[in-house]
Amino acid sequence: MLLAARAASAAAAAAPELPPLDATTSLLVVAPHPDDETLCCAGVMQRVARAGGRVSVVWVTSGDASLLDLLLVERAVFGSAAKLRELGARRMREARAAAALLGVPAGGQLFLGYPDRGVTALLGPYHDSAFTSHYTGAAQVPYAEALFPGHPYSGVSLERDFAAVLARVRPTLVLAPSPDDSHPDHAAAGRLALAMMAQRGALAQLRGWIVHGGEGWPSPRELSPGLPLTRAPLLAGAPLASFGLTLAEEDGKLAAVRAYRTQLTILSPFLLSFVRTTELYTAAP
Ligand SMILES: [Zn+2]
């Protein structure tokens with residue numbers, strides 16, 4: 001009985017390993033905001049690129065809702081709607097620089113431009129009608145460099161754009177946020193990826209990651225490149241697969257984190273604490 005219980009708990013601790021990462025891999029990372037792709041997945045991204053596979057990132061929002069960023073980077077919140085759009089454009093430039101360091105070609109850098117802190121609303125009350133961002137004042141994708149500028153801020157439109165990305169990338173592996181992530185945009189983007197992959201009968205290709213994983217996590221809150229990432233409190237009990245980074249991949253991850261100048265201003269210890277010897281992934285629920 002004891003042995004059986006022990007075997008069951010060992011099975012619960014490990015998710016299926018990631019599939020082989022090679023020249024046939026088409027990896028799609030689903031990032032709710034610029035920087036998430038680096039924090040969650042920089043190791044796997046570099047491994048796929050190095051093996052000759054294709055790496056793409058889809059950013060659901062452009063991170064254009066941070067008044068704190070604005071205050072610290074621009075030193076003002078006056079005229080904030082226009083300035084937040086400028087911040088979104090700046091974060092997209094940072095994302096391109098980080099992604100390029102991780103082996104993502106320009107053609108694989110896909111911005112949808114939906115509203116930061118608005119993804120939950122799009123998948124709920126604004127599924128069929130346009131939502132207006134409380135931050136940028138936009139009710140449609142305002143960024144010329146997005147995949148579909150001018151698309152309305154509705155759930156229907158987001159689902160259509162996400163489906164277009166899947167059709168373009170034809171991923172063999174999708175790394176998306178866990179619906180258990182405590183940031184509402186992350187949880188909502190995770191539910192979206194789950195629904196779209198389930199519709200396609202492709203859940204076996206979906207793995208989850210978490211960035212906002214619970215109070216105080218990752219611990220310690222500092223750059224700790226010799227330590228493995230520990231299990232996030234919000235994923236207690238979920239089977240996890242551990243992916244080990246090489247030293248060069250850890251260095252690459254650190255360089256990509258450092259490309260996010262606007263975010264390092266306010267979140268430096270948090271961002272740097274993801275540079276570890278491992279990344280952890282859940283299987284699709
Ligand atoms: Zn995020």
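Keep in mind that this is a predicted model: local features need pLDDT of at least 70, side-chain atom pairs count only at pLDDT 80 or more, and totals for chains, interfaces and linings use all residues. Residues are numbered from 1 along each chain as its sequence is written.

A bit of background first. Most peptide bonds are trans, and most residues other than glycine have a negative phi.

Start with the cis peptide bonds. One runs from W217 to P218, with omega near -5°. Another joins S219 and P220, with omega about -5°. P218 sits in the loop between β5 (206-209) and β6 (240-244), and P220 is found in the loop between β5 and β6 too. Strands here are DSSP runs of E with at least two residues, helices are runs of H or I with at least four, and both are numbered from the N terminus.

| Residue | Phi | Loop between |
|---|---|---|
| D35 | about 110° | β1 (26-31) and α2 (36-50) |
| R170 | about 45° | α6 (155-169) and β4 (173-177) |

So which of them is buried and which is exposed? D35 counts as buried because it has 26 C-beta neighbours inside 10 Å. R170 is exposed, with 10 other C-beta atoms within 10 Å. The cut-offs: buried means 20 or more other C-beta atoms within 10 Å of a residue's own, exposed means 12 or fewer, and partly exposed is in between, with C-beta atoms placed from the backbone.
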